[in-house]
Every structure is written in structure tokens, then in C-alpha cells.
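Let's take a quick tour of this protein model, starting from the inside. Keep the 3D view open while you read.

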Amino acid sequence: MPLTSFIDYLELEKKYSKHTVLAYEKDIGEFSKFVKEEYGEIELIDIHYNQIRRWIVSLIDNGISNRTVNRKISSLKSFYKFLVKVALIEVSPLVKHKALKTPKKLQVPFSYDEVSEVIGLLEISDDFESLRDLLLIELLYGTGMRRAELISLTLKSVDLSQKTIKVIGKRNKERIIPLLPTICATIHKYMIKRNEIAQYGGDEPLLVTKKGVKLYDTLVYRIINHYFSKTSNKIKKSPHIIRHSFATHMLNQGADLNVVKDLLGHASLASTQVYTHNSVAMLRDVYKKSHPRNKND
């Protein structure tokens, strides 16, 4: 079946994460269900653009945002591009499709003070969950790693002798990130508590629940939202906003863009440059306040 072959291709050749593969499978499954309801037992390889366009209209009619629609269509485009690649179809039905317009989404990072206040709150306690949550936040803010990368960390990812951590990024790409002394200290304290409740071994997950099992996506999100709700009024409070804060604060402090790119695990500078708008805004503010020619009478 073409869909099964496509999923195998994403997992085995493209090396996409399980989370990403499930998202592709879900989007294409939703389209397949729509096609069967609207057109009967029609094969996905026989689809024409007008049928896809009808799905797009139905999604919009059901209140789905243009951004989400574009993501779903991106999954379909990848699927049909694969079908062309394996010669099951000659031309993708989406070859001339243009993405729907979406409003520019500005990610607002946490301030340094907001992050510091959360860390300060967690440093007060030394129970297992407080130490784990402190380490979780320090790792996200201290390295800029993604949520999926954080969850996949194992005990052997950490090298305290070198003060580094090995992160497995998208498409199984490895990168080594230096650790701040404060993070190393937190790891040491956390490991004492962790060893009391969970197995110890190289391939065991670094971050676990109080039952000793690996953390999961929604729990990490809830932890971040819980603590940052105490210190920040920003609408969005998520692991990605901490990653965004890491990049923005590094650039504000004068870090080279290429260095930040490597730390974040980006394939190109274009991905990293989205984090520069806050740095530019800060420079503009300093420039206006400091330049001698910019004096208001």
C-alpha cells in the first residue's frame, strides 16, 4: 500500500522522529477518510487537485486555521512527491498548489528575569520532582534543545567530566553541547534522587517520572506552563518558547549567528535568523537612546 511504503520511507530513509511520522500519517489518514466519505472507494494515487481543494474548503468551513491547513497540505505534498519518486504517479496533483496566506506569527521569548525567577523558585526545594523540573528547565534554557531531544536524552548522553551533553536531533543528527557549571551541579543532585527510584544504565532515560518511567511530551509541556505561569504573563508558555528565549538571549549578548545555529541543530542559517528580530529590536532601542544625533528638543 502506498501509504505504508511512504511511512517506511519517512522512518527508515528520512530518519524522521516518531512524533513527526505520526503527524504525517494522521494528516494523510484524515484526507483518505474525507475522500472515501465524499467519493467512495477511490485510491489516493487517482486523486486530482479539485478533490484536494474540496478538502481544503471543508477544513476552512470547519474553522481550521490557514496555518494548520497548510501543514496538512504539506504532508500531502510530501506523500505525492514520494509517489512520483517511486513512479506510482507521473505528476503530483499538488504541483501547482499555493499555500494559503497566514498572519506572521511572532514568538515572544521569556525575559532573562522570568527564566531566572522560575529557576529560583525551583532551587528552594530538593525533592525529586523539584530537582527534575529544575534540570529540565535548565537544560532547555542552557542548551536550546528541542522538547523531543530533551525527552530522548539517556544517562550516557551526559559527560560530566567534559561538561558536555550529546543531543540526537532531527534525522538522527548528533551534536555536542557544552554544559554550564550550574547545570552540572543540578545533574549531580538530581542523579542522587533518580537512582533511588529508577534503573541505572547507559541507555536508560535521563529524565523520568516519580514512577521511574520516561517523560512524555504533554508532561514536559505541563511542567513548563505550570512554572512559567507563576512568573510570566505571556500568552504562550511552552518548551519551544524557552528554546526561542535561549537563541534570542544568546544573540542579544553578542553570540555569532553561526554558533547559535550549531547549538540549535539547524540545517541552515535561514532557520536561525527567525530568532534575530528581538536582537534587532534591542539594538534599535539602544541606538535611539544613545546616538547623539537622536536628541529630542
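**What's packed inside**

Leu 150 touches Leu 136, Leu 139, Leu 140, Met 145, Leu 207 and Val 220, leaving out residues up to four places away in sequence. Keep in mind that this is a predicted model.

**The cores**

- The largest nonpolar core has 49 residues, and Leu 150 is among those with the most contacts inside it, along with Leu 136, Ile 137, Leu 139, Ile 165, Tyr 190 and Leu 206.
- Several elements each supply at least two residues of this core, including helix H5 (112-123), helix H7 (147-151) and strand E2 (164-168).
- Helix H6 gives the most, with nine residues.
- Another core lies apart from this one: it has 26 residues, among them Phe 34, Ile 47, Trp 55 and Ile 73.

- Helix H2 runs over residues 18-39, and its 22 residues should span 32 Å at 1.5 Å a residue; the end C-alpha atoms are 31 Å apart, which agrees.
- Which residues of H2 are buried? They are Val 21, Tyr 24, Asp 27, Ile 28, Phe 31, Ser 32, Phe 34 and Val 35.
- Looking down the axis of H2, you'd find these buried residues within an arc of 160°, so they line one face of the helix.
- Lys 18, His 19, Lys 33 and Glu 37 are exposed on the other side of H2.
- Helix H1 (2-13), helix H3 (49-61) and helix H4 (66-85) are among what covers the buried residues of H2.

**A buried histidine**

- His 249 sits in helix H10 and is buried, with a relative accessible area of 15%.
- Setting aside neighbours within four places in sequence, His 249 is in contact with Phe 110, Ser 111, Tyr 112 and Tyr 141.

Definitions and conventions: Residues are numbered from 1 along each chain as its sequence is written. This is a predicted model: local features need pLDDT of at least 70, side-chain atom pairs count only at pLDDT 80 or more; totals for chains, interfaces and linings use all residues. Side-chain values use heavy atoms; hydrogens and water are left out. A nonpolar core is a set of buried Ala, Val, Leu, Ile, Met, Phe, Trp, Tyr and Cys residues joined through side-chain atoms within 4.5 Å. Buried means under 20% relative accessible area, exposed over 50%, partly exposed in between (1.4 Å probe, protein chains only). Helices (H or I, at least four residues) and strands (E, at least two) are DSSP runs, numbered from the N terminus. Contact means heavy atoms within 4.5 Å. The expected span of a helix is 1.5 Å times one less than its number of residues. The arc is that of the directions from the helix axis to the C-beta atoms.
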